[in-house]
Amino acid sequence: MKKQFVIAALSWGAIVLGSNQVLAQNSDQVNTSVNINLADVISMDVGSVASGGTVDFNYVNTTDYNSSKNVTVPNSLVIISSKNFDVKVKSEGANFVSGANVIPVDVLQVKAIAGGSLTGTLNEVTLSTNDQVLVSNASLGAKQSLNIAYSISAEKASKVLLGKPKGTYMQKIIYTATAL
């Protein structure tokens with residue numbers, strides 16, 4: 001008899017609890033909107049080699065002044081952009097300077113080269129104080145790297161550099177990424 005009483009009590013409890021669950025399913029609902037707000041971004045990583053880096057051309061003998069010199073810098077720029085963009089290059093001043101001595105910046109060629117993860121139309125430009133497109137219509141993306149090659153032709157070395165006073169001639173080069 002005790003068993004029947006316990007079974008009856010458990011059954012009655014299950015019916016009562018079961019009906020409460022059905023009532024809970026018929027309760028009011030609320031909702032929340034989740035917003036993801038995006039802004040356009042474009043940035044060059046301060047960890048890029050071109051950020052505070054140095055490119056050296058050394059002319060120490062006659063062979064140097066009669067030869068083209070090329071310096072390739074892998075991962076020169078690392079860029080993140082939410083839109084396609086251009087990369088432009090220019091010099092801060094019209095000349096490489098060593099004290100009172102100068103060399104015009106147009107002795108230097110700057111070229112975007114394949115090998116990095118950045119895609120777009122890669123160009124070569126003669127350095128000047130005007131913005132010039134080094135990469136056009138680069139694809140949007142994160143942490144895209146660009147390899148850059150710097151060169152001075154044998155002709156420029158023998159006609160422009162040869163005969164200049166010895167010293168270290170310096171000029172800053174400025175890179176700009178602009179969203180399209």
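1. Let's begin with a term: a residue counts as buried when its relative accessible area is under 20%, as exposed when that value is over 50%, and as partly exposed in between. Ser-43 has a relative accessibility of 36%, so this residue counts as partly exposed. Please keep in mind as you read that the model is predicted.

2. Stay with Ser-43 for a moment, which you will find in strand S1. Leaving aside residues up to four places away in sequence, Ser-43 touches Val-78, Ile-79 and Ile-80. Another residue to look up is Ala-179, which lies 136 residues from Ser-43 along the chain, while the C-alpha atoms of the two are separated by 9.9 Å.

3. Now for the overall plan. The protein contains three helices and 11 strands. Reading from the N terminus, the order of the elements is α-β-α-β-β-β-β-β-β-β-β-β-α-β. Of the contacts between residues at least 6 apart in sequence, 75% join residues at least 24 apart.

4. Which strands form the open sheet, and in what order? There are four of them, in the order S7-S9-S3-S11, and their pairing is antiparallel. Strand S7 (121–122) and strand S11 (173–179) are at the edges with a single partner strand each, so one side of each has no neighbour in the sheet. As a general point, strands of a sheet pair through backbone hydrogen bonds, either parallel or antiparallel.

5. You can trace some of this pairing residue by residue. S7 is joined to strand S9 (residues 132–138) by two bridges, and the two strands run antiparallel. Thr-121 has Ser-136 in S9 as its bridge partner, and Leu-122 has Val-135 in S9. Between S3 and S9, also antiparallel, there are four bridges. Look for Val-89 here, which stands opposite Gln-132 in S9.

6. Next, look inside. The largest nonpolar core has 29 residues, and those with the most contacts inside it are Phe-96, Val-110, Leu-134, Ile-148 and Tyr-175. Two or more residues each come from strand S2 (69–81), strand S3 (85–91), strand S6 (109–113), S9, strand S10 (141–152), helix H3 (154–161) and S11. Among these, S10 gives the most, with four residues. In soluble globular proteins, nonpolar side chains tend to be buried together.

7. Buried residues make up 26% of the 180 residues. Is Ile-36 buried or exposed? With a relative accessible area of 70%, Ile-36 is exposed. You will find Ile-36 in the loop between helix H1 (2–25) and strand S1 (42–44). Together with Val-34 and Leu-38, Ile-36 forms a nonpolar patch on the surface, and the three have about 420 Å² of accessible area together.

Notes
Residues are numbered from 1 along each chain as its sequence is written. This is a predicted model: local features need pLDDT of at least 70, side-chain atom pairs count only at pLDDT 80 or more; totals for chains, interfaces and linings use all residues. Side-chain values use heavy atoms; hydrogens and water are left out. Two strands pair if DSSP finds at least two bridges between them. A nonpolar core is a set of buried Ala, Val, Leu, Ile, Met, Phe, Trp, Tyr and Cys residues joined through side-chain atoms within 4.5 Å. Buried means under 20% relative accessible area, exposed over 50%, partly exposed in between (1.4 Å probe, protein chains only). Patches are made of residues with over 30% relative accessible area and no salt bridge: like charges are joined within 9 Å, nonpolar side chains (Val, Leu, Ile, Met, Phe, Trp, Tyr) within 5 Å. Accessible areas come from the Shrake-Rupley method with a 1.4 Å probe; for residues, only the protein chains shown count as cover. A salt bridge is a side-chain nitrogen of Lys or Arg within 4 Å of a carboxyl oxygen of Asp or Glu. Contact means heavy atoms within 4.5 Å.
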